[in-house]
Amino acid sequence: MERREINPTDWLGAFNINHGIAVTGAQRVLYLSGQTSNGPDGAPLHPGDIVAQFRAAWSNLKDALTEAGMTPTNIIRLNIYTTDVPGFMAQAGELVPIFAGDGCKPVCTLLGVASLFEPEIMVELEATAAA
């Protein structure tokens with residue numbers, strides 16, 4: 001698989017994301033459902049703590065990647081849904097290193113939503129990966 005980052009401007013680099021990614025030669029594509037900060041029993045974790053919720057959701061996402069024989073470096077697209085865009089942006093300095101530290105430099109969209117499936121859940125991560 002060949003992956004080519006498309007960046008006509010540099011400003012998204014501060015968030016460790018790309019404007020686009022061109023992929024050729026991939027043999028598998030994995031579409032992941034939104035991952036949240038829920039424990040194995042489905043109970044919400046870390047109410048009110050967006051950073052802890054992001055870490056837990058990222059961990060759950062990595063578990064799904066591992067199950068598919070992939071790693072965060074295979075992620076092409078990461079959509080982030082949050083009920084608190086201002087809070088997310090205020091914590092971006094702590095949040096970006098969570099996925100950047102795992103070698104993930106995706107295309108990414110941050111979406112503000114009124115609510116997610118549980119009232120306590122503030123972040124949901126949806127990804128597409130290729131190998």
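With 131 residues, a compact globule would have a radius of gyration near 14 Å, and the protein chain agrees because its value is 14 Å. That radius is taken over C-alpha atoms, and the globule rule is 2.2 Å times the number of residues to the power 0.38. The model is predicted: local features need pLDDT of at least 70, side-chain atom pairs count only at pLDDT 80 or more, and totals for chains, interfaces and linings use all residues. Residues are numbered from 1 along each chain as its sequence is written, and side-chain values use heavy atoms, without hydrogens and water.

The C-alpha trace spans about 40 × 35 × 25 Å along its principal axes. Buried residues make up 39% of the chain (under 20% relative accessible area, 1.4 Å probe, protein chains only).

The chain has three helices and six strands. These are DSSP runs, numbered from the N terminus: helices are H or I with at least four residues, strands E with at least two. Along the sequence they follow β-β-β-α-β-α-α-β-β.

Four strands build an open, mixed sheet, ordered β3-β6-β4-β5. Pairing requires at least two DSSP bridges between two strands. β3 (29–35) and β5 (107–112) are the edges; each has a single partner strand, so one side of each lacks a neighbour in the sheet.

β3 pairs with β6 (residues 123–130) in the antiparallel sense, over five bridges. Leu32 has Ala127 in β6 as its bridge partner.

Helix α1 (residues 50–67) lies across β3, β4 (75–82) and β6, at about 30 degrees to β6. Contact means heavy atoms within 4.5 Å. Axes are lines fitted to C-alpha atoms, for helices over the stretch in contact; angles run from 0 to 180 degrees between N-to-C directions.

Notes:
Buried < 20%, exposed > 50% of the residue type's maximum accessible area, 1.4 Å probe, protein only.
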